[in-house]
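Me: I am new to this structure. Please show it to me, and then let me ask about the labels.

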Amino acid sequence: MRRSVKILIPALAVVSTEVMAHEWYTGKMDPVTGFDCCAGSECAPIPESEVKEMPGGYIYLPTGEFIPYLRVQHSHDWQFHRCIYQSEFFNLDQGSFRKGDTRCFFAPHTEIGAAF
């Protein structure tokens with residue numbers, strides 16, 4: 001019994017840390033689509049090397065997707081973050097989104113990005 005308690009406590013600490021780190025996405029919405037950013041597991045930090053700033057927004061290099069400044073929100077921790085659609089999605093007002101498309105995008109605050 002004593003051994004199982006020692007194993008369980010570190011496991012709970014990891015789960016608790018992941019939940020707390022994920023909580024800041026809750027209640028955030030894409031400023032253009034108005035859709036909620038996250039329902040629990042769709043959001044995560046992304047390496048700066050996967051993002052390139054371009055006139056008018058950012059390119060997410062692994063997919064080539066362009067995210068205009070109008071959709072970019074400020075990151076809480078000076079890292080880039082991306083939330084994705086977990087499945088195909090269609091909305092009459094916004095059109096269709098493929099699984100893996102950017103649902104919400106967060107960028108560190110910069111002088112250039114100060115306008116968004």
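This is a predicted model: local features need pLDDT of at least 70, side-chain atom pairs count only at pLDDT 80 or more; totals for chains, interfaces and linings use all residues.

Me: Which residues does Asp101 contact, neighbours within four places in sequence aside?

Reply: Contact means heavy atoms within 4.5 Å. By that rule Asp101 touches Glu65, Arg82, Cys83, Ile84 and Tyr85.

Me: What makes strand E6 largely enclosed?

Reply: Strand E6 covers residues 80-84, and four of its five residues are buried, so the rest of the structure largely encloses it.

Me: How do you know which strands pair with E6?

Reply: Two strands pair if DSSP finds at least two bridges between them. Strand E1 (residues 43-46) and E6 have four bridges, in the antiparallel sense. Ile46 has Phe80 in E6 as its bridge partner. E6 and E9 also run antiparallel and are joined by four bridges. There, Cys83 has Cys104 in E9 as its bridge partner.

Me: What makes E2 and E4 edge strands?

Reply: Three strands form an open sheet in the order E2-E3-E4, with antiparallel pairing. E2 and strand E4 (65-68) each have a single partner strand, so one side of each lacks a neighbour in the sheet. From one strand to the next, the twist averages 25°. That angle is taken between N-to-C directions, on a scale from 0 to 180 degrees, with axes as lines fitted to C-alpha atoms.

Me: How are E2 and E3 joined?

Reply: Four bridges join E2 to strand E3 (residues 57-60). Val51 has Tyr60 in E3 as its bridge partner. E2 and E3 form a hairpin with two residues between them, and Gly56 in the turn has a positive phi of about 90°.

Me: Why is Phe66 called partly exposed?

Reply: Phe66 has 39% relative accessibility, so it counts as partly exposed. Phe66 is found in strand E4. Neighbours within four places in sequence aside, its contacts include Met54, Pro55 and Gly56. Phe66 and Gly56 are 10 residues apart in sequence and 9.2 Å apart in space, C-alpha to C-alpha.

Me: What lines the largest pocket?

Reply: A pocket is an open set of points on a 1 Å grid over the protein atoms alone, with protein on both sides within 12 Å along at least five of seven lines; lining residues have an atom within 4 Å of a point. The largest pocket is lined by 12 residues, and Glu48, Val51, Trp78, Phe80 and Pro108 lie nearest its centre. Strand E2 (residues 51-54) gives the largest share of the lining, three residues.

Notes:
Residues are numbered from 1 along each chain as its sequence is written. Side-chain values use heavy atoms; hydrogens and water are left out. On a 1 Å grid over the protein atoms alone, a cavity is a set of points where a 1.4 Å probe fits but cannot get out, and a pocket is an open set with protein on both sides within 12 Å along at least five of seven lines; lining residues have an atom within 4 Å of a point. Buried means under 20% relative accessible area, exposed over 50%, partly exposed in between (1.4 Å probe, protein chains only).
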